[in-house]
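Hi there,

I'm handing over the structure I mentioned. Please open it beside this email and follow along as you read.

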Amino acid sequence: MMSRHAAFVLLLAFGAVFQLSCGIEVNVTKEDKLCLYANLMLNFSVSYEVADNKNQTAVFELPANATADGSACDNTTSMLKLDFEGHSWSMTFTTDGKNYQAAIITFSYNLSDSKLFPNSVSNETKTVIVKPQMKDVGIDTCYSCHSKDTIEADSVNMTLWNVLIQAFVINGSKSENLTICEADTPMTTVAPTTAPRPTSTTPAPTLPTPTTGKYSYKPDENSTACLLANFGLRIGVKQGDKLEEMNFEPNGTQISGSCGLNSSELKLVSSSITIEFTFTNDTKKFRLHALNVTGKTSSGLTFTEANNNMSLWEATLGSSYMCKKEQNFTIASLVTIYTFNVQVQPFGVKKGLFSTAVDCQADADSFLVPIAVGVALLALILIVLVAYFIGRKRNMRTEYQQFN
């Protein structure tokens, strides 16, 4: 009995550590019981006014240190509220007792934040309110949606993905049952009425995962690389209600750039796309600050979009940034970029090799799950061995007493 109890306590301890180490994961409690659970990824694209009646677009992610102190639960309503650096994002839920839905999303952003909104002519805090598509979720189920859901509001785009939410937790325990979003559900079509039975077909094929290109820039032939970048890249161009996508082909790509103390650039030119990355640093961390994309789609549409106010791919100077999972960022109203298997280091490259990588938030779960499971299994093995030797020792003592 003691061994079983120890194993149970040990697994609970590992579970708590794992929960605290996930990405943006929130556990809201009421009277010491879990009442709302959420785990999600979120990024923003905000257009704002600068001098001379011009607009800039800020692109940023929900930071990992966002707090959920303002979240709350009730019998008929609940709210997930995330505060970060003077800004806030919330989703309010309602229920009729059988199903629940997301009623509204509210995003408030402070234009006086010069880091996210440099050169803004306004210092006011603006708020947008939109109605999301999450509805008819069973009361004792979690809403699950891995697909990207871009929600458009006045001057703001919000993209949610890898979402797992239970807005009304019953008896303090998160449900294992899922209500899966429509975007994650395979499409089906019904055969013509002349056919004897309806048949199902798979969704139209999508583009294959882009080839991961390995790019490096060095000032001259006699020097080593000062900027390294590996990634697969897809460009999405919006045409009305349709999105046309194309993969960036690394073979035959022309590479140029520059390496500076506080700013580095990488320019890639393929047969159909030219893309320029600008990285900056503040002596402590570096980030992708600007992106300029020019190209021509397979349908013949020519496009040019730029964003000079981004804060992506951030890592400590002296390290590299790495993210194996797919990411997507809306850099302007018409263009979205999708990245795969990213590793970049625009500063402090030594001997032409990447330094130790800082993993993105999206990769955190991938590493934590096997580590937690492995440690838990090792602990259980140790407990079983200890119990075995204790039992064996007791049996030997009993046999010795009987012999005497």
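First, some ground rules. This is a predicted model, so local features need pLDDT of at least 70 and side-chain atom pairs count only at pLDDT 80 or more, while totals for chains, interfaces and linings use all residues. Residues are numbered from 1 along each chain as its sequence is written, and side-chain values use heavy atoms, with hydrogens and water left out.

**Cores**

A nonpolar core is a set of buried Ala, Val, Leu, Ile, Met, Phe, Trp, Tyr and Cys residues joined through side-chain atoms within 4.5 Å. Buried means under 20% relative accessible area, exposed over 50%, and partly exposed in between (1.4 Å probe, protein chains only). The largest core has 47 residues, and Leu40, Phe44, Trp89, Phe93, Phe107 and Met158 touch the most other members. Strand 2 (residues 33-50) gives the most to this core, nine residues; strands here are DSSP runs (E, at least two residues), numbered from the N terminus. There is also a second, separate core of 38 residues, with Phe279 and Cys360 among them.

**Aromatic rings**

Rings of Phe, Tyr and Trp (its six-membered ring) pair if their centres lie within 6.5 Å; planes under 30 degrees apart count as stacked, over 60 as edge-to-face and the rest as tilted. The whole structure holds 15 such pairs. Tyr109 and Phe117 have ring centres 5.8 Å apart and planes at 40°, so this pair is tilted. Both Tyr109 and Phe117 are buried, and they belong to one aromatic cluster that also includes Phe44 and Phe107.

Phe286 and Phe347 make another tilted pair, at 6.4 Å centre to centre and 50° between the planes. This pair links distant parts of the chain, 61 residues apart: Phe286 is in strand 20 (residues 285-296), and Phe347 is in the loop between strand 25 (335-345) and strand 26 (357-359).

**Strand 6**

Which strand would I look at next? Two strands pair if DSSP finds at least two bridges between them. Strand 6 runs antiparallel to strand 5 (residues 77-84), joined by eight bridges, and Leu82 has Trp89 as its bridge partner. Eight bridges also join strand 6 to strand 7 (residues 99-110), again antiparallel, with Thr92 opposite Ile104. The hairpin of strand 6 and strand 7 has three residues between them, and Gly97 in the turn has a positive phi of about 100°.

Happy exploring!

Definitions and conventions:
Helices (H or I, at least four residues) and strands (E, at least two) are DSSP runs, numbered from the N terminus.
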